[in-house]
Structure formats: C-alpha cells, structure tokens
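Here is a short briefing to read alongside the model.

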Amino acid sequence: MKTCPHCATLNEDTHRFCQQCGRSLEAQILSLSESGQHGQETVCMSATMAARKAQRRSAPLEMLFTGKNSLVVGRARDCDVVLQHPSVSRYHAMLEKVEGGIRVSDLRSVNGVFVDGEKVERPVILKQKQRLGIGPFLFTLDGNRLASLDSSRSLRLEARHLERVVSTSKGIKKLLDDVNLVINPGEFVTLLGPSGSGKSTLMDCLNGRRRATGGQVLANGEDFYRHFNAFRQSLGYVPQKDIVHTQLTV
C-alpha cells in the first residue's frame, strides 16, 4: 500500500494518484523558488520539471513582498511573479499587500482575472481561503502564505454523485442519476452505452457545456464549475458531429 504524502490516505500499490485527494503519490509539496533573472529576484511558479504534474506550492507573504508593496504577475520575464503559459498575458495582474488581505487588479489581460470564479472588473481584496485564478493557475491566501496550484500540465477529472434533471411537457425527467467517475491524468477512458442512455449528457456535464443539476465535478480536487475559467485551457472537447455551418455557401 502507498501512503499519500498530502492527506495520509492509503492507496493500492498500482495507483499513481491518491483516490482521496487526487494528488500524485510520488510528488512532494514544493516551496515557491526564487530565481534571478536580469539582476532581479523573480518568483517563478510555473512547473520546472515535466514529471511533476498539477504542482502545488506555497510561499510566505514576507518573502514575496520583500522590499515591495506590490507585485506584477504575468508571462514577461521582468514580472515579479512569472507564470509561463500562453493564456497568461505578459503583464496580467497586480497584487498589492494591504490590511485584510491582498488587493488584486487586472492589468487589461486578455483572458481576465478571477476571484472565486467571478471576473475581476475593478480592484478587489483577496481574503483568506478565496481562490485567485490567473490562466490555469489558482492561488489561495492561507494565513501568511500564498499557495498555488498549477494545472497547466495535467488534469484529474472526478464526478461525484452527478445528477441531471430537466423539465419536459410530461413533467420532470432525470437524465443522470448518481453518476460517479474518476479519470486520472494519462488515462484513456471509453464511455459505452446505447442511444439515449445519457452519454452525451454526461460528457456535457463533465466539460461544463451543460452543467449538472446535482453533485460535483472536480478538477485536480477543485470545484470545476466554480473555477471553470482556470481549467478551460486544460480541457478540450470534440463533439460527435462536425461543427459546420450548413447555411453558409463557402
């Protein structure tokens, strides 16, 4: 049996990911590292080893804001916090240490900044345990530390007690009833069933196109619907039929 280094749950020897928390049974929790670039100290939160998936890191606020009152987050090398991902703008967001938390501002990024799933339209205060989404990265203010989750390299998708209920002319109809499913990174899963059994409905619930009316969908242990914008870059969906606009002549 393998013991998860994150939640201490026992897992089978053949498992690569914890069946309780979904994290790697081999990877360790890392600290945010400092790397000097162009004479500046830069905190780089992107993955540095391809073998480490869905990295979770954390760093003290005192270290992040050493000698500074604000941090610029983005893809450019001269940012204070560098996030290497195409969905992150060169200068994406600004973090300012203030009383009661961290003030978050969007620096006119292309894909936006999100706090607990809500797009930041004006500066807001990130409070304890709230989730800050920038591209495929999620950050959490945990006490005097800023924790991060990098989902840019892998995705563990889990369905818990999913239900999908719709209203019809004949009354309420349940399309999905207590569906549970776990898809680990690197797995190839086939969904089989006769026509009308709910395959497309389940796929739509898992990818967020048509959300479930009950239960949960988790991505790397986080609420997929709530933080959809943080995970959408890591998930692709090919429908059964070609998306062709038949009304067009060309």
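The points below are grouped by topic. Please keep in mind that this is a predicted model.

**Nonpolar cores**

- The largest nonpolar core has 23 residues, and the members that touch the most others are Leu83, Leu95, Leu132 and Ile134.
- Two or more residues of this core come from each of these elements: helix H1 (61-64), strand S7 (70-74), strand S9 (93-98), S10, S11, strand S14 (131-134) and strand S15 (137-142).
- S15 gives the largest share of this core, three residues.
- Another core, of 18 residues, lies apart from the largest one, and its members include Leu157, Ala159, Leu202 and Ala212.
- As background, nonpolar side chains tend to be buried together in soluble globular proteins.

**Helix H2 and its cover**

- Helix H2 spans residues 199-207, and Thr201, Leu202, Asp204, Cys205, Leu206 and Asn207 are buried in this helix.
- Gly208 follows H2 and has a positive phi, near 90 degrees.

**A nonpolar patch on the surface**

- Leu191, Met203 and Tyr237 form a nonpolar surface patch, and together they have about 240 Å² of accessible area.
- Tyr237 sits in the segment after H3.
- Tyr237 counts as partly exposed because its relative accessibility is 35%, which falls between the 20% and 50% cut-offs.

- For context, most residues other than glycine have a negative phi.
- Arg108 has a positive phi, near 55 degrees, and lies in the loop between strand S10 (101-106) and strand S11 (113-115).
- Arg108 is exposed because its relative accessible area is 82%, and the cut-off for exposed is over 50%.
- His161 also has a positive phi, near 50 degrees, but the place of His161 is in strand S17 (residues 157-168).
- With a relative accessible area of 49%, His161 is partly exposed.

Methods: Residues numbered from 1 in each chain as written. Predicted model: local features only at pLDDT ≥ 70, side-chain atom pairs only at ≥ 80, totals over all residues. Heavy atoms only, no water. Helix = DSSP H or I, 4+ residues; strand = E, 2+ residues; numbered from the N terminus. Buried < 20%, exposed > 50% of the residue type's maximum accessible area, 1.4 Å probe, protein only. Patch = residues over 30% accessible without salt bridge, like charges linked within 9 Å, V, L, I, M, F, W, Y side chains within 5 Å. Areas by Shrake-Rupley, 256 points an atom, 1.4 Å probe, with all protein chains shown as cover. Salt bridge = Lys/Arg side-chain N within 4 Å of Asp/Glu carboxyl O. Core = buried A, V, L, I, M, F, W, Y, C linked by side-chain atoms within 4.5 Å.
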